[in-house]
Amino acid sequence: MKLTKGLEQAICILAMLSTQDNYIPITSHVLNSRLKGTSHSYIRKIIRKLVVSGLATSIPGSNGGFILAKKPEKINLLEIVEALEGKIVTYPNSGMINQVFSDIGEPASNGEKTLVTTFEEADKQYTNFLKRQTLDQLIWSSIGKNEMPGIDWNKK
């Protein structure tokens, strides 16, 4: 499973929303200008996924924009990954093992079950690890402080 660049862009957007001074909505214009090289329509798609998944809130109106839907310490990496990429499933079981080894019967079926179970366990460990990593921890680790900086991205 390869994660898309949209995930990195979503993390950047959420980090901006997390550090936004007084939780004033950040305008889509500001997000577009900060995410250079990314089309406006693609940024809108990312934000839409963040809003639909409950990670961001859209504020309508002339002073509108986007804010976090919940505190950064309540947002984990698994939620962000799943909002952008969907559920984590690394093994695309297409039934190939049973097809290739159909003439040997039960061992082929057992082999498929074993492989599926192995990847399901790996996915479970991966998702549990991502679940323990929160947005605030990422920001704190990046800036070297255990407090959220207050920045007004609309004025930067």
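Biologist: Is W140 buried, exposed or partly exposed?
Modeller: This is a predicted model. The relative accessible area of W140 is 26%. Buried needs under 20%, and exposed needs over 50%. With 26%, W140 therefore counts as partly exposed.

Biologist: Where does W140 lie, and which residues is W140 in contact with, leaving aside neighbours within four places in sequence?
Modeller: W140 sits in helix α7, which covers residues 135-143. Neighbours within four places in sequence are set aside here. The contacts of W140 are then K145, N146, E147 and M148.

Biologist: Is S18 buried or exposed?
Modeller: S18 belongs to helix α1, residues 5-19. Its relative accessible area is 2%. The cut-off for buried is under 20%, so S18 is buried.

Biologist: Is the pair of Y91 and F119 stacked or edge-to-face?
Modeller: The ring planes of Y91 and F119 stand at 15 degrees. Under 30 degrees counts as stacked, over 60 as edge-to-face. The pair is therefore stacked.

Biologist: How many residues apart in sequence are the parts that Y91 and F119 tie together?
Modeller: Y91 is in the loop between α4 (77-85) and α5 (96-100). F119 is in helix α6, residues 106-132. The pair therefore ties together parts whose separation in sequence, in residues, is 28.

Biologist: Are Y91 and F119 buried, exposed or partly exposed?
Modeller: Y91 has a relative accessible area of 21%. F119 has 31%. Buried means under 20% and exposed over 50%. So Y91 is partly exposed, and F119 is also partly exposed.

Biologist: How far apart in space are S94 and E121, C-alpha to C-alpha?
Modeller: S94 lies in the loop between α4 and α5. S94 is exposed, with a relative accessible area of 60%. In sequence, S94 and E121 are 27 residues apart. Their C-alpha separation in space is 18 Å.

Biologist: What distance separates the C-alpha atoms of N22 and I151?
Modeller: N22 is placed in the loop between α1 and α2 (28-34). N22 counts as exposed, at 61% relative accessibility. Along the chain, N22 and I151 are 129 residues apart. Their C-alpha atoms are separated by 8.5 Å.

Biologist: In what order do the elements of the protein run from the N terminus?
Modeller: The protein has 7 helices and 2 strands. From the N terminus on, the order is α-α-α-β-β-α-α-α-α.

Biologist: What is the radius of gyration of the protein?
Modeller: For 156 residues the globule rule gives 15 Å. The protein is well over that value, so it is more spread out than a compact globule. The C-alpha trace spans about 70 × 35 × 25 Å along its principal axes. The radius of gyration is 20 Å.

Biologist: How far apart do the centres of the positive and negative side chains lie?
Modeller: The protein has 19 positive side chains. The negative set has 15. The centres of the two sets are separated by 10 Å.

Note on methods
Residues are numbered from 1 along each chain as its sequence is written. This is a predicted model: local features need pLDDT of at least 70, side-chain atom pairs count only at pLDDT 80 or more; totals for chains, interfaces and linings use all residues. Side-chain values use heavy atoms; hydrogens and water are left out. Rings of Phe, Tyr and Trp (its six-membered ring) pair if their centres lie within 6.5 Å; planes under 30 degrees apart count as stacked, over 60 as edge-to-face and the rest as tilted. Buried means under 20% relative accessible area, exposed over 50%, partly exposed in between (1.4 Å probe, protein chains only). The radius of gyration is taken over C-alpha atoms; the globule rule is 2.2 Å times the number of residues to the power 0.38. Lys and Arg count as positive and Asp and Glu as negative; His and the chain ends are not counted. The place of a charge is taken as NZ of Lys, CZ of Arg, CG of Asp or CD of Glu. Contact means heavy atoms within 4.5 Å.
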